[in-house]
Amino acid sequence: MNIIDMTIHELHTALKGKQLSSVEATTAMLERIESVEPQVGSFITVTTEGALANARDADQRIARGECHLLTGIPLAIKDIFLTEGIRTTCGSRILDNFIPPYSATSWEKLRDQGAVLLGKLNQDEFAMGSSNESSAYGPTRNPWDTACIPGGSSGGSAAAVAAREAIATLGTDTGGSIRQPASHCGCVGLKPTYGRVSRYGVIAYASSLDQVGPLTRDVADCAIMLGAISGYDPKDSTSVDTPVPDYAASLAKGVKGLKIGLPKEYFIAGLDPDVQVAMDAAIETYRRLGAVFVDISLPHTDYAVATYYLIATAEASSNLARYDGVRFGHRAEADGLLGMYSKSRSEGFGSEVKRRIMLGTYALSSGYYDAYYVKAQKARTLIMNDFMAAFASVDVMLTPVAPTPAFKIGEKINDPLQMYLSDIFTIPVNLAGTCAMSLPAGFSNSGLPIGLQLIGKPFGEETILRAGHAFEQATEWHTRKATI
Amino acid sequence: MKMTTADVEYVARLARLELTPGEKELFAEQMGAILGYVEKIKGLNTDGIVPTSHAVPMENAFREDVIQSSIGLKKALANAPETAGSFFAVPKVIE
Amino acid sequence: MKYQPVIGLEVHVQLLTDTKIFCGCSTKFGSEPNSQTCPVCLGLPGALPVLNKKVVEFAIKAGLSTNCSITPRSIFARKNYFYPDLPKGYQISQFEDPICQRGWLDIKLEGGELKRIGITRIHMEEDAGKLVHGDLSGLNDRSGVDLNRACTPLLEVVSEPDLRSSDEAVVYLKQLHQIVTWLGICDGNMEEGSFRCDANVSVMPVGSSTLGTRAEIKNVNSFKFVKQAIEYEIRRQIDLIEDGGTVVQETRLFDPNSGTTRSMRSKEEAHDYRYFPDPDLVPLVISDEWVERSRQELPELPEQRQQRFIAELGLTLYDAEVLTASRALADYFEAGVAAGGNAKLVGNWTMGEITRALNDSGTSIEACPVAPLQLAELLKLIDNGTISGKIAKTVFDEMWRSGKAPQSIVEEQGLVQVSDSGAIEGLIDEIMAANAGQVEEFRGGKEKVFGFFVGQVMKASRGKANPSVVNELLLNKLKG
């Protein structure tokens, strides 16, 4: 088996059994990166020397008999995670030269196990986007069709998994930024319940919506990564102190009798026909596996995108105020203080970021705060209530991830509103604060991946992982590889 | 929903963003369209509904009043575009 | 037209916690710039705030001591604006649901009557860093940012506009100052910025109930300056109105050198702070049990302690007020009484000798080298006649210098008062014999000469003769 095609669990077995060293595995990944990067553009920074040093350390640990699930496994993480001593840009010019003095908790947990860092992955600037086209470091291309977007904002994270440039990756999801690129790139992507994983050291976009999650080749790997990064962090006030279950242990329990809800608002006319076919097939598969389907309604779905774009942009406009050129980041030449602020920010931020800052500032401004921001917070309550009510009668929900497969690079860039509307199926989950996972469920006629979304109850990650695993065992979508 | 260039200028000032005339026009148009779309929540009946500011019901996250080591002057200033001694330096501020 | 001033005060109280409000950096004053910082208070990307529980405890104490209701569920909010000393581009404060609300302070006016000044709210917030300007070495034409102070916990105490004169304002401030230092939640050092006052001043015609436009005078850091600033501002506004102008709502700075206030140019533009609940912090829920526990832990407040000193220890109002200037001083006094000293005497000596010695040597009461127990012993020695009051002062000085117990000093230096009539009579006889002329003068009616003889006896006895015994015996002998 080719190293680059291995999953975490396969590589772990090989490393533990001394069939292969971490240095060998890492070297293979670095060669792969060099080979396909010109076509894909998943990475902003490749940490070649650092990766090999990590790998040597890992090999020493393994030689001592210490081999955790992630020891020696070559991973890559979105450039939104602070990595001490390693440049972190968040896809933006304004942080082009930023070298953090500390690391994100979620990354440190992987480091503690001895994971290897291959590099920092490309993303939409400040996680604002659904196509990875707003990165200041160039777009990432979909490994299945390089004329297409990989999805966003964790486009690099998904593309790297699909292109086999990393065994697994970390991304963040605020409105679908893990699930949608996972769907477009044919890999597994999970957004945990809000508060499950620490946000400390993750550059903030929308604080009440952001969550860290893994992108992997299969569901078992996803369970491993989730287990490694989850848990209470006293440095994050929004981190929840609840025990982390052994996600891998319950994977194989099957779905007999599992009640799956189909929210009618997500199966609308106008869904791309290839997506419809994939969903129908998935429903059929689950029926065969013994799951039971329940028709449900999430009546406020239609307000989700509007709600999201008010709350997220409002929080973002405040979170991004710290990028002022005073203590770090890009500083423009200017005469006075006001000029320094405005020029630094205008030179450093791209247009999507500026647009969202403006929207958010407007939504919070005097005279509009109640009509926009507070109203949106109330709409959010209604959306959350929809989910809680529906979960009284189902265990999980099944929906499409995106209305269409990946579109072409440049196709929607000039119509931001159109771009926003394509997040319709993923956004409500962030608003409700609960968990969801995207997994491969088919391909379009043109060979582009199509994912299905499993939405779970708050802290119900075990159930969606189990349901995903059962689906995976019964299908072969996840075994197909991009030919890049 | 119409957004004028004046509206855009006001918001840009608040947000410390400098826009070109072309950007101002484009943003006025795009923001107008987006705001026109999000206006739909105004039609939603939210009587008696409490706004959600936190996604998961948590309260009272504290730390004890115990000193933790600071990161030190060197690291604090490491990314500074300009320093003067131990200070971050900025254009002179007149109060 | 007569005008009446209307004043409201906002006081920023810097809390005496060891660490900052949202991170574990030290709050120690005077360190090298930017040496007490971390990702959180530097406002680095990815950093998150975590609330210091002690700040909440201090806030509850402050609220209970000013008759406030403690809000059961309070929220932190972001106040958004750009300034170099504000690293995140927003200040974490409280807006709609502050921790304390609807309290009051009864201030003592000059005539002795009480006036109730409402306290609208008390809320918690983080301090900004420090901005230093040009002339400091190395800065030239730049300004410098020091973030050591950033994220230091503050309580903002907002009064109702119930004050009607600069004097009332100063009384209110002094009382508030006393409370927060008494509680031990603030060191009260105004020069270092631990207790900062903003004054909102407006005027309205006497008899009117429509408030005039107010101007805000920011950051006045002494009681004297507050009085000056308010008085200047009142006159300025009245003059302006009488000249046909209108008062503009603006922020002004007090210049101590000229005694005037001037408009702050850079803050002219109206601030749209865009307050919203901070999503990085969770709601603060304070149970009734927590409030009760805090109430039990409150020390006896100055007012109550004064009342008790008057009622139980028989002190005058004046003495009680002086002895409760600080909690440490009141504690010292009470410890002296508890050690057996007479309350009046302990009070006099504390306000007298002790305070003088502390001031002269620049020592704080907490570091007083004479312990209350020792003071009480000294007073006992006077009371039982071992030493005279005058000698006691000498003994006290030695106690201060050496830290030794009064008994030891008296013995070592042989200062025991001589009360033996026989010994004193002997001295008197000698002196009378040597000063026959003065004896004649006294017997001739010149009573003033008595003092001369007293002096001679005291001198001959090296101050140790018991003055009252001397007086009695001398009088008898002189009269013949």
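How many residue pairs are in polar contact between domain 1 of chain A and domain 2 of chain A, counting pairs with both at pLDDT 80 or more? The count is 11. A polar contact is a pair of N or O atoms within 3.5 Å; within protein, one must be able to donate a hydrogen and the other to accept it, and residues adjacent in sequence count only if both atoms are side-chain atoms.

This is a predicted model: local features need pLDDT of at least 70, side-chain atom pairs count only at pLDDT 80 or more, and totals for chains, interfaces and linings use all residues. Residues are numbered from 1 along each chain as its sequence is written, chains are lettered from A in the order in which they are written, and side-chain values use heavy atoms, with hydrogens and water left out.

**The two domains of chain A**

- Chain A is assigned domain 1 (3-258) and domain 2 (302-378); such bounds come from an automatic or database domain assignment.
- Their C-alpha centres lie 28 Å apart.
- In domain 1, 20 residues are in contact (heavy atoms within 4.5 Å) with 19 residues of domain 2.
- The two domains bury about 1,600 Å² between them, with 63% from carbon and sulfur atoms. Buried area is the accessible area (1.4 Å probe) that two parts lose on being put together, summed over both.
- On the domain 1 side, I94(A), M128(A) and Y205(A) lose the most area to domain 2, together 41% of what that side buries.
- A salt bridge is a side-chain nitrogen of Lys or Arg within 4 Å of a carboxyl oxygen of Asp or Glu.

**Nonpolar cores**

- The largest nonpolar core has 296 residues. Such a core is a set of buried (under 20% relative accessible area, 1.4 Å probe, protein chains only) Ala, Val, Leu, Ile, Met, Phe, Trp, Tyr and Cys residues joined through side-chain atoms within 4.5 Å.
- F126(A) and Y172(C) have the most contacts inside that core.
- Beyond its neighbours within four places in sequence, F126(A) is in contact with residues including I94(A), Y205(A), L320(A) and F349(A).
- A second, separate core has 18 residues, among them I428(C) and F442(C).

**Chain B against chain A**

- The contact takes 47 residues from chain B and 64 residues from chain A.
- About 5,100 Å² is buried between these chains, 71% of it on carbon and sulfur atoms.
- R16(B), I41(B) and N79(B) supply 13% of the area that chain B buries here, more than any other three residues.
- Four salt bridges are counted between the chains. One salt bridge joins the side chains of K75(B) and E84(A) (3.1 Å, N to O).

How values were computed
Buried means under 20% relative accessible area, exposed over 50%, partly exposed in between (1.4 Å probe, protein chains only).
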